[in-house]
Amino acid sequence: MAQIHIFLHAFILFLSLFFVVTNEKKHETVTEVCPNTPSVSPPLKSKTTKAERRALQEAQRAAKAASKANGNSAVAESGKAALAKSKNQSSLKKDGPPVTSEVTIDKKSGNRPPEKERKKDAPPQRMQFDDQNRVGKAKRRALVNQTEAKNRVELFRHLPQYDHGSQLPNLESKLFQLDSVHPAVFKVGLRYMAGDISGVNARCTEMLRALQEAIIDYSTPPEKVLIRELTAKISSYISFINECRPLSISMGNAIRFVKRRIAKLPLSHTDVEAKTALCSDIDRFINEKIIIADKVIVGHASTKVRDGDVLLTYGLSCVVEMILLSAHDVGKKFRVVVVDSRPKLESQALLNRLIAKGLSCTYTHINAVSYIMHEVTKVFLGASAVLSNGTVLSRVGTACIAMVAHAFSVPVLICCEAFKFHERVLLDSICCNEIGDPGALATVPGRMDINYLENWTNEENLQLLNLMYDVTPSDYVSVIVTDHGMIPPTSVPVIVREYGQEHYLI
């Protein structure tokens with residue numbers, strides 16, 4: 001037992017000596033590695049305490065008092081440095097380490113990100129007519145006095161809904177009062193409002209011709225630059241046209257072309273040279289992007305027409321009419337099914353012209369399209385615009401025709417010029433559309449006895465909706481015939497990317 005006690009005492013003494021030596025070595029190691037390093041400050045707190053803030057204020061007051069008493073600038077600088085250091089520490093405590101902003105670097109280096117350049121070229125955002133403040137400001141600036149419709153459809157309050165019929169006489173009476181609007185632009189606006197000009201190509205061409213006349217008659221004010229003043233004048237003309245009838249996507253592309261050509265005019269040009277160059281560019285745009293483009297589309301699409309075909313078309317498309325007449329002129333034997341719909345019944349004019357040229361035609365309304373689709377071999381449709389996701393914006397009813405054709409496995413060919421392509425994306429017909437005269441739905445042409453909705457405006461719970469366009473998904477489109485060739489809907493972004501800027505550079 002005595003030996004065991006001696007062994008335990010020796011073991012305990014050994015352990016105590018071991019811990020003492022280990023602590024001394026640790027202390028020596030720390031002093032050797034950092035001999036001059038001050039004591040490490042406690043970790044930064046997430047939020048400064050009240051005592052720390054009071055101590056900081058006292059230090060700042062003492063620094064200011066010392067700088068005033070001694071007149072020593074070094075003391076003041078030290079106080080400022082302490083203040084800056086405390087602010088930096090507080091910002092570090094609150095927000096963590098600073099992160100360098102890429103936008104700041106781009107501003108300093110002068111390299112603008114490509115998104116800003118794209119935003120400069122993007123068309124202005126459409127006004128939401130359910131925003132009372134913006135609508136009020138627009139009415140005060142407007143030249144056309146619009147009267148809001150009584151029975152507005154709630155789902156489409158973001159679109160303009162006005163009474164159709166009272167604006168035209170009011171605007172005609174202001175013919176000699178609106179000095180800010182060129183007579184050619186005023187005339188086109190009146191024809192837009194009256195509905196005398198229909199069709200995207202016709203509307204775009206007439207607008208460009210009116211702008212051409214306005215440019216010829218324009219004179220730059222003294223001590224002004226033509227580039228800036230003419231661009232502002234063109235913008236005022238476009239605002240007036242938009243008040244008469246909302247602009248289409250293709251018209252927006254044409255307006256961007258005109259403004260870009262104005263911006264690219266050399267400053268060395270005289271006013272006469274600049275206006276001559278602009279008029280020449282507008283003529284070339286109309287010729288190459290509309291007239292020649294239609295001929296190229298006709299050449300491509302005519303190869304798809306074969307003897308014995310039954311071709312279906314809907315609405316009134318000038319390029320589709322040219323395709324049918326071209327195929328008939330070369331001696332191909334086929335039959336045309338013309339589908340129409342109320343309230344405009346536009347296809348009746350196409351039917352009369354086709355019959356006058358000797359084509360065999362069948363006329364029906366859209367409600368009977370499913371009964372006749374089993375006879376059809378191909379569907380030719382026009383378009384107001386083709387968007388980057390492959391959807392087609394066209395006359396309301398086009399989506400119905402395309403879906404029925406898809407159900408019957410009938411190919412659908414969309415004929416559209418490339419200047420109508422746009423990088424915008426639409427998934428429905430609600431966000432971006434145009435509302436026509438709802439009163440046109442309450443009457444039936446040639447049937448005066450059908451007047452059940454004669455006083456429909458007095459019924460508060462009744463709203464009539466007359467949409468002008470609808471959106472056809474790309475799944476129901478077989479091919480799109482353009483002046484760049486025949487492409488699938490999935491290739492539309494390629495055309496927008498590769499050829500989207502081409503009409504700005506011609």
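This is a predicted model: local features need pLDDT of at least 70, side-chain atom pairs count only at pLDDT 80 or more; totals for chains, interfaces and linings use all residues.
Two strands pair if DSSP finds at least two bridges between them. Keep that in mind for the sheets. Helices (H or I, at least four residues) and strands (E, at least two) are DSSP runs, numbered from the N terminus.

Residues are numbered from 1 along each chain as its sequence is written, and side-chain values use heavy atoms, with hydrogens and water left out.

First, the totals. The protein has 17 helices and 11 strands. Of its 506 residues, 38% count as buried. Buried means under 20% relative accessible area, exposed means over 50%, and partly exposed lies in between (1.4 Å probe, protein chains only). The accessible surface comes to about 29800 Å², and 56% of that belongs to carbon and sulfur atoms. Those areas come from the Shrake-Rupley method with a 1.4 Å probe; for residues, only the protein chains shown count as cover.

Now contacts, meaning heavy atoms within 4.5 Å. Take those between residues at least 6 apart in sequence: 77% join residues at least 24 apart.

Next, strand 2. How many of its seven residues are buried? Six, so strand 2 (residues 334-340) is largely enclosed by the rest of the structure. Strand 1 (residues 309-314) pairs with strand 2 in the parallel sense, over six bridges. In that pairing, Val310 has Arg335 of strand 2 as its bridge partner. Strand 3 (residues 360-365) also pairs with strand 2 in the parallel sense, over six bridges. There, Asp340 stands opposite His365 in strand 3.

Strand 1, helix 13 (residues 318-329) and strand 2 make a right-handed β-α-β unit. From strand 2 the chain crosses through helix 14 (residues 347-356) to strand 3, in a right-handed β-α-β crossover. Right-handed here means that, with the strands pointing away from the viewer, the path from the first strand over the helix to the second runs clockwise.

On to strand 7 (residues 412-415). Both faces are covered. Val412 and Ile414 are buried on one side, Leu413 and Cys415 on the other. Strand 4 (residues 378-382) and strand 7 run parallel over four bridges, with Cys415 the bridge partner of Gly382. Strand 10 (residues 479-482) is joined to strand 7 by three bridges, also parallel. Leu413 has Val479 as its partner there.

There is also an open sheet of four strands, in the order 8-5-6-9, with mixed pairing. Its edge strands are strand 8 (421-422) and strand 9 (469-472), each pairing on one side only. Strand 6 (residues 392-395) and strand 9 run antiparallel, joined by four bridges. Val392 stands opposite Thr472 in strand 9.

Val396 lies between strand 6 and helix 16 (398-407). Is Val396 buried, exposed or partly exposed? Partly exposed, with a relative accessible area of 32%. Leaving aside neighbours within four places in sequence, Val396 is in contact with Tyr314, Leu467, Met468, Tyr469 and Asp470. Val396 and Thr472 sit 76 residues apart in sequence and 9.6 Å apart in space, C-alpha to C-alpha.
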